[in-house]
Amino acid sequence: MTIQELVNRARKAQAEIADYTQEQVDKLVYDGAKIIYENAKPLARLAVDETGLGCYEDKICKNTDTAAVFWDYLKDKKSVGIINEIPELGLMEVAHPVGVIGAITPATNPTVTPLGNFMHALKGKNAVIISPAPRAKETTSKTIDLIRETLAKNGAPVDLIQVVDDVTIERSAELMALCDLVIATGGSGLTKAAYSSGTPAYGVGPGNPPVILDRGYDLTDAAEKSFIAIGSDNGILCDGDNLLLYPEELEKDFFAELKKAGIVLFEDKADITKFREALFSPEGKVNSELVGKDAKVIADAAGVSLADGIKVMGIKIDGVGKEDFLCKEIMGPIVVLKSYDTFENAVDMAVRNMEEAGGTGHTAGIFSNDKEHIRYAGEKIPVARLLVNQPTPDAWGPATNGLSPAVSEGCGTWGNNILAGNVDYIHMVNVSKIAMPLDVKVPDADEIFKD
């Protein structure tokens, strides 16, 4: 099927639900989430088998949690017709569908990204066409087939969600040019292509989060949460810890806690060199063959001994940013560790690492009980999300923080994105304002600007 045919079918389907009520729309969104929840295990198995990326058990949790958290967030939100009234300003806000949304999805999340895009898009009565990563097309197609089943059972047009078959760069580019809005989840090249398509787009910049351990914070808690952040789905999450900065005088105690949490540390220069050479080319390009692999697979590739069952590794480095390729985004169950003297120096290193090794605008983290330090880091580090005392992958917006649930995390102009925040359902509707006249005193320019 041609891209134009897909778009035509999407427009027809979207027009057929133009008069749907909020309740009808929400029923479709709920049922789409539920069927993915019910098929979380087989979809997780298919994703790992097809792509070779990530961890089966973690993907099950991603499938179930995304479905549940997205629905819990969306269920009471207004997205049809009048969605808000502000009497004191004489304003009413009206939601209008965007139309057809083209969503480019990554191999790292072949189920939850299409699911999240579908739920946000349909919440605003839009149709969505998914362009899957070629290495994950079977998983993504199965995900979409399941959602289409629920649409059919509800008597709704199944073409509210479709998938591009025979995916190529050219066909993805054509989809971006023909749809009404693009959601591009992937690397900087994909974001640039989306913004060059001539269609309004939300893109996502690359991740590479630095995390600062502040003095006075519980070392055990920091270590345990770091283990979760680094090891989740074999480290393929773009918002997972990559650089962990810690006070130099706490190295012995903190390293002991990291080991208790299950992180195997490497401090020997020879071992570190082996990891660097296995993970990166001499020019600093990441070895794609090791992305999302088990820690044991990476260690074997580096020629370093590692016991079976180890999930996360830590590597001590001497310099950040351009001083060491290991500071670049690895997308594996590995964290690089660097000590600091003053807190201000830690913040400076976090900023410099992103500027020189990538990740500006995405996410950073801090473990701290010092509100002034938290504020300082938030003001100095150029990211859309600073996660406080949480695993950084919580940047996606679970119920445990106030961020909106998202499968696309915008990085602002720092990351060459239009949005500094999580892409939400409200970004997939046009909100118009009905403005009533106000009975107010008009400002007197002479009075305002008199000396």
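**Rings, a helix and a pocket**

Modeller: Welcome! This is a predicted model, and the structure holds nine aromatic pairs.

Biologist: How are the rings of Tyr217 and Phe367 arranged: stacked, edge-to-face or tilted?

Modeller: Their centres lie 5.5 Å apart, with 35° between the planes. Stacked needs planes under 30 degrees apart and edge-to-face needs over 60. The angle here falls between those cut-offs, so the pair counts as tilted.

Biologist: How many residues apart in the chain are Tyr217 and Phe367?

Modeller: Tyr217 sits in the loop between β8 and α9, while Phe367 belongs to strand β13 (residues 361-367). The pair therefore links distant parts of the chain, and the separation is 150 residues.

Biologist: Is Tyr217 buried or exposed?

Modeller: Buried means under 20% relative accessible area. Tyr217 has a value of 10%, so Tyr217 is buried.

Biologist: And Phe367, buried or exposed?

Modeller: The same cut-off of under 20% applies. Phe367 has 2% relative accessibility, so Phe367 is buried.

Biologist: Which residues do ring pairs link into a cluster?

Modeller: Start with Tyr246 and Phe254, a tilted pair at 6.1 Å centre to centre with 45° between the planes. Both of these residues are buried. Ring pairs bring in one further name, and the cluster is Tyr246, Phe254 and Phe255.

Biologist: How wide an arc do the buried residues of helix α10 cover around the axis?

Modeller: In α10 (residues 251-261), the buried residues are Glu251, Phe254, Phe255, Glu257, Leu258 and Ala261. An α-helix has 3.6 residues a turn, so residues three or four places apart point the same way.

Biologist: Which residue just after α10 takes a positive phi?

Modeller: Helix α10 covers residues 251-261. Just after α10 comes a residue with a phi of about 110°, and that residue is Gly262.

Biologist: Which element gives the most to the lining of the second largest pocket?

Modeller: This pocket has about 160 Å³ of space and is lined by 14 residues. The elements giving two or more residues to its lining are α1 (3-16), α6 (137-153) and β5 (161-163). With five residues, the element that gives the most is α6.

Technical notes: Residues numbered from 1 in each chain as written. Predicted model: local features only at pLDDT ≥ 70, side-chain atom pairs only at ≥ 80, totals over all residues. Heavy atoms only, no water. Buried < 20%, exposed > 50% of the residue type's maximum accessible area, 1.4 Å probe, protein only. Helix = DSSP H or I, 4+ residues; strand = E, 2+ residues; numbered from the N terminus. 1 Å grid on protein atoms, 1.4 Å probe; cavity = no way out; pocket = protein on both sides within 12 Å on 5 of 7 lines; lining within 4 Å. Points joined across faces, edges and corners; volume = space filled by probe spheres on them. Phe/Tyr/Trp six-rings, centres within 6.5 Å; stacked < 30°, edge-to-face > 60°.
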